[in-house]
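Student: Can we go through this model together? I'd like the fold first, then the packing and the rings.

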Amino acid sequence: MRWFGTIAVGIVALLGSSAQAQTPVSEQHASFSGCDFAIKVVEVADPDWPYYYRPLYKISVQSAVLSPATCGLTPATVELATSKLLPDIAITVNADGLVAGYSFGEYIRAFGPWTRIRVHSLNPSSLVSLKTVGLMSNHVPPNGGAGMPAGTYLGGLSLLATGDLQVTGAFGGNSLTEDPATTPWPYPIVTGNNFVATYSGFFGQWSLAPSIVTY
């Protein structure tokens, strides 16, 4: 998808919530051809927990014009997800397209933090999700028993000259798979605490299965 040079006036998707006006607790930016793209996290009170203040994190993407001479989009903001734990975020863009990623999850008693990763291919003009992939980790008993979830943490996103997408990060447990998994339980056991997941031809044909290396 070569959107550079053909980007039309985008669809305005401004949020009506307070997420726009609040100061982000974290944000990352990527720019291309005079257009700026940001992924931001704001903290609000969890409306499903009235007993005391518990944070809820809203994750959104936002576009802006840096140079009207080269960027023809209409600024927009779209909320992607929420998380009960502070998410890791990343964003990258090149002539092929725009990619944003984040971790999300919650704390589960007796298990600890359970976080997963989502990565979106976004239409740069409207910020609509075109493709979504995910990663998750688990504790898999050697005997293939019930197991339990673990934390997966996003380190960064890289768009390669080959058209591939690389997702890097860290994980707990002893297994790392796509989310949702494409293999039955028990998932394959791996070693290490860090990973590189490569999605071949990410902007081409629909492909959810990455090549995963752990170390």
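Tutor: What follows goes through strands, sheets, cores and aromatic pairs in turn. This is a predicted model, in which local features need pLDDT of at least 70, side-chain atom pairs count only at pLDDT 80 or more, and totals for chains, interfaces and linings use all residues. Residues are numbered from 1 along each chain as its sequence is written, and side-chain values use heavy atoms, with hydrogens and water left out.

Student: OK, how many helices and strands in the protein chain?

Tutor: The protein chain has zero helices and 14 strands. Both are DSSP runs numbered from the N terminus, helices being H or I with at least four residues and strands E with at least two.

Student: Which strands make up the sheet with β1 in it, and in what order?

Tutor: That open sheet has four strands in the order β1-β2-β3-β4, with antiparallel pairing. Two strands pair if DSSP finds at least two bridges between them. β1 (26-32) and β4 (77-83) are at the edges with a single partner strand each, so one side of each has no neighbour in the sheet. From one strand to the next the twist averages 20°, with axes as lines fitted to C-alpha atoms (for helices over the stretch in contact) and angles running from 0 to 180 degrees between N-to-C directions.

Student: How many bridges between β1 and β2?

Tutor: Seven, in the antiparallel sense, with β2 covering residues 35-45. Glutamate 27 has lysine 40 in β2 as its bridge partner.

Student: And what is the strand order in the sheet with β10?

Tutor: β10-β11-β13-β14, an open sheet of four strands with antiparallel pairing. Its edge strands, β10 (152-159) and β14 (211-214), each pair on one side only. Seven bridges join β10 to β11 (residues 165-171), and leucine 154 has glycine 169 in β11 as its bridge partner.

Student: Switching to packing. What share of the protein chain is buried?

Tutor: Of its 215 residues, 47% count as buried. Buried means under 20% relative accessible area, exposed over 50%, and partly exposed in between, with a 1.4 Å probe and protein chains only.

Student: Which residues have the most contacts inside the largest nonpolar core?

Tutor: Phe37, Ile39, Val61 and Tyr102, in a core of 23 residues. The elements giving two or more residues to this core are β2, β3 (55-65), β4, β5 (89-93) and β6 (98-108). Another core, of 18 residues, lies apart from it and includes Val99, Val119, Leu165 and Leu176. A nonpolar core here is a set of buried Ala, Val, Leu, Ile, Met, Phe, Trp, Tyr and Cys residues joined through side-chain atoms within 4.5 Å.

Student: Now rings. How many aromatic pairs?

Tutor: Six. Rings of Phe, Tyr and Trp (its six-membered ring) pair if their centres lie within 6.5 Å; planes under 30 degrees apart count as stacked, over 60 as edge-to-face and the rest as tilted. One of the pairs is tryptophan 49 with tyrosine 52, edge-to-face at 5.8 Å centre to centre and 80° between the planes.

Student: Are those two residues buried or exposed?

Tutor: Tryptophan 49 is partly exposed at 26% relative accessibility, and tyrosine 52 is exposed at 53%.

Student: Why is the pair of tyrosine 199 and phenylalanine 202 given the class it has?

Tutor: The ring centres of tyrosine 199 and phenylalanine 202 are 6.0 Å apart and the planes are at 70°, so the pair is edge-to-face. Tyrosine 199 is buried at 2% relative accessibility, and phenylalanine 202 is buried at 2%.

Student: What sits over the ring of phenylalanine 202?

Tutor: The charged end of lysine 131, 4.8 Å from the ring centre. The rule asks for NZ of Lys or CZ of Arg within 6 Å of the ring centre and within 35 degrees of the ring normal.
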